[in-house]
Amino acid sequence: MARFTLQVNGESHTVNVDPDTPLLWVLRDTIGLTGTKFCCGAGLCRTCTVHMDGDPVPSCSIPVSSAEGSEITTIEGLSGNGEHPVQQAWIAEQVPQCGYCQVGQIMGAAALLARNPRPSDADIDEAMSPHLCRCGTYQRIRRAIHRAAEEV
Amino acid sequence: MVTITKVSRRDFLKITGVAGTGLVLGFYLPLKPDGYAAAQPLTNAWLRIGPDGAVTFWVHRPDMGQGARTALPMILADELDIEWPKFERVFLPAVDPQVYGSQTAGGSTSIRTSWVPLRTAGATARSMLTAAAAEAWGVEAASCRASLGTVIHEASGRSLSYGELAEKAATLPVPNYPAFKDPEDFHIIGKPTPRLDHPARVQGSLTFGMDVKLPGMLYACVARCPVFGGTVTGYDEAAARAVEGVRGVVEVPTGVAVLAESTWAAMKGRRALNCKFDYGEAADLSSAKIAELFDEKQGEEGYATRDDGDVEAALAGADRVLNAVYDVPYLAHAPLEPMNCTAHARDERCEIWAPTQAPQWAHGVVAATFGYAPENVALNIDFSGGGFGRRLMPDFVVEAVYVSKAAGAPVKVVWTREDDMHHDFYRPASRHILSAGLDGSGNLVAWKHRVVAHSIAATLHGGDLRQAAGEATSGATELPYAIPNCRVDYCMANTAVPVSYFRSVYNTQTPFANECFIDELAAAAEMDPVAFRMRMLDDEPRHRGVLELAAEKAGWGQSLPSGHHQGVALHRSFGTWAAEVAEVSVRDDGSVRVHRVVCAVDCGIVVNPDDLAAQAEGAIVIGLTAALKGEITIDEGRVVQSNFHDYPLLRISEMPEIEVHYIKNSENPSGIGEPPLPPIGPAVANAVFRATGVRVRRLPIRPEDLRST
């Protein structure tokens, strides 16, 4: 075990965990932020996406030891009450079905719009292709990103 | 709280015509308030109206993303006639099927089997509230009408709210046949309605099974033998215990569980076990051996599920005979939330939190396996991160109870993606051997379809050959085309690979064979594939309806972008008619791109049109993933694939534009979760033929089969 101090959603958390623990499990089991979901455990589906210094990363594949010193944002910190334009667009387009991947999709889309406020379909393909959805919501995800872009 | 005293349980049965379902206006039956059931008051009610006007609905079906927890209240609220969404929902735990009927989210049943009971409950309450108002005013009930939570007497301009009427209404006789609303008057049903749980979904605050956390809970991962039917024979307990955070190691029937203070410690501890296995009898099973088994079985006597006319004579007398064999592989469900279950098993009672599609099945199996009295098993139904059939199985629930019992503590058992992929109950592999005869005018005069498939009914439930045949030929036996000589039969070919229900079940395989072969026959008859089908559907107006609608909306037969080609397929399943037109191009390297899918369905009254579209989009994507990518292969008795690098899913960059259209009518609703899936595979395969001249006869569609260079 070792102590790490993480900056999560603007708050400082000191945790005492195994250094190779993926950030995902520190967020979920140690800090109690269960909005970030576990799916593939291997960086293959991006369900567990969080922002590290604004960049979307798969938290299942980031050891806690490499997360120290970075500003981490999870879905709980994206907005106070779901008012982020991406979350609003997700509701307007009724994107989710089961919703399990959608937190990661939203974090991916928010990061995309932060660096590219008017993404083309090709930009969306490039940024969002790593994010898997088994329910088949991709068409609505694309529409919601365009909608959010208009409102950002 | 208001209690009905005049109504006996027998009356409820009479009212609804559905065993044990019934409206109880304000009827409330608290159960054993010992801390277990208190948080989930078990009440045999669909709805309650309090004297303050507060409306509560009990929602009896799980939600795995299909939207039942919005659509079912829509039906109740409309028939009760209240504003949307002015009510509270209580999600029922698993209860006795005698009380609420089936609680299973499967077989596209949530709406179609709840439609009448929920309307009955709503209409009964509305009728009693109206009668209460009429009595209060001393007027005829027929002169009063209910609207949006109020009963109105137009003639005198008086009105009373449901809350004001609830207490009196509860003392009145329950009507035997309350009048349902005229569908013309629906104010909620048929309107695109946002899902009630989506705000929580987009904020990450919806509690999935994986998110359950109890005081004192341990996390567990189970090491299981990777070979089907094999067992763990040895493990290094000391090494697992040496991992920081590991609290114990226990044996359970499925393997060895590592208990830990965190999920990560449980995963790490499990790796340290370094298990030894007895691989058992299936150790040499492989996909090649399964193909050999199919070769052998397809020559045996088939069990006929349909035998019209004289197929052999008709084939012998046909002008032309076509033959084709289609192969379909095993598939994994791969819902994105891996299996998990939280259980707190004690000696006499057990509480469970499970993301399950079939809570009553899991509940019953737990009670029977561990000898609990059924009322001492409390199963809370969590939201599921997808299901697609995987979560019908009770295995992951039973395993968690074993682990909790052995641990003597509440435990959440977490499966990894690899566990999920290696220990699924797979969509069965199947082979389809077809022969058909055309006469000199291009009429289809004979059709023979032999299904060789791994049986779910036989291997999961001990079903006999008749049951196995009926299930495995579903979608084949019901071929809708008017063909005078038609035989469908089945040869059972079971292996050690566990199988169960995948979204659309055998309707994922049989229409691939049916609709690809029909397309081959249309080409042989030199007819347009839509016209060829239409002329054999004179007595099938709803088949004709969706086929015409899909063809029209897709611009069938009109010009397409260069290199684009269309294919069509039609199939009825789960009570719903569906036709799809896929627009496809194929590159020189054989890779297939699906640009557009037009889907037309007829599922009767549509409760939530937006959810219908979402379900159709989802069914098409999962079917497209199966057609283009999906394959589970077996080697050395185990599943070769392990995660999304070798069991890929469709990505956003590969997503076609999907349009969903539906026939508007006033038939009772049928299913929508599954029926749009079956046509997509054959529609794409038929479009691929138009693009390449190559017939797709095995799934998934392989670029190497289509390469032109």
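This is a predicted model: local features need pLDDT of at least 70, side-chain atom pairs count only at pLDDT 80 or more; totals for chains, interfaces and linings use all residues.
B:Asn485, B:Arg487, B:Asp489 and B:Cys491 point one way from S20(B). B:Cys486, B:Val488, B:Tyr490 and B:Met492 point the other way, and all of these residues are buried.

Two partner strands of S20(B) come next. Strand S12 of chain B (residues 303-308) runs antiparallel to S20(B), and five bridges join the two. Here B:Tyr303 stands opposite B:Tyr490. Strand S19 of chain B (residues 444-453) pairs with S20(B) in the parallel sense, over eight bridges. In S20(B), B:Asp489 has B:Arg450 opposite.

Now step back to the domains of chain B. Domain 1 covers 9-185. The C-alpha centres of domains 2 and 3 of chain B are separated by 37 Å. Nine residues of domain 2 of chain B are in contact with 10 residues of domain 3 of chain B. The domain 2 side of this contact has seven nonpolar residues, two polar and no charged.

A second sheet of chain B deserves a look. It is open, has four strands in the order S21-S22-S23-S26, and its pairing is mixed. Strand S21 (565-573) and S26 of chain B are the edge strands, each pairing on one side only. On average, neighbouring strands of this sheet are turned by 15° against each other, direction ignored. Helix H18 of chain B (residues 541-554) packs on the sheet. H18(B) touches S21, S22, strand S23 (592-602) and S26 of chain B, and its direction makes about 140° with that of S23(B). Within the sheet, S21(B) and strand S22 of chain B (residues 576-586) pair in the antiparallel sense over nine bridges. B:Val568 has B:Val581 in S22(B) as its bridge partner.

What of the nonpolar interior? In soluble globular proteins, nonpolar side chains tend to be buried together. The largest nonpolar core here has 277 residues. Those with the most contacts inside this core include B:Ala220, B:Ile352, B:Ala550 and B:Val688. Helix H19 of chain B (residues 609-628) gives the most to the core, with 12 residues. Take B:Ile352 as one example: leaving out residues up to four places away in sequence, B:Ile352 touches B:Cys341, B:Ala343, B:Val366, B:Ala378, B:Leu379, B:Asn380, B:Val397 and B:Val401.

The contact between the chains takes 47 residues from chain B and 46 residues from chain A. On the chain B side, helix H6 (198-203), helix H8 (263-273), H19 and strand S26 (657-662) each supply at least two residues. H19(B) gives the most to that side, with seven residues. By class, the chain B side has 21 nonpolar, 16 polar and 10 charged residues.

Note on methods: Residues are numbered from 1 along each chain as its sequence is written. Chains are lettered from A and ligands numbered from 1 in the order in which they are written. A nonpolar core is a set of buried Ala, Val, Leu, Ile, Met, Phe, Trp, Tyr and Cys residues joined through C-beta atoms within 7 Å. A residue is buried if 20 or more other C-beta atoms lie within 10 Å of its own, exposed if 12 or fewer, and partly exposed in between; C-beta atoms are placed from the backbone. Two residues are in contact if their C-beta atoms, placed from the backbone, lie within 7 Å. Ala, Val, Leu, Ile, Met, Phe, Trp, Tyr, Cys and Pro count as nonpolar, Asp, Glu, Lys and Arg as charged, and the others, Gly among them, as polar. Two strands pair if DSSP finds at least two bridges between them. Axes are lines fitted to C-alpha atoms, for helices over the stretch in contact, and angles run from 0 to 180 degrees between N-to-C directions. Domain bounds come from an automatic or database domain assignment.
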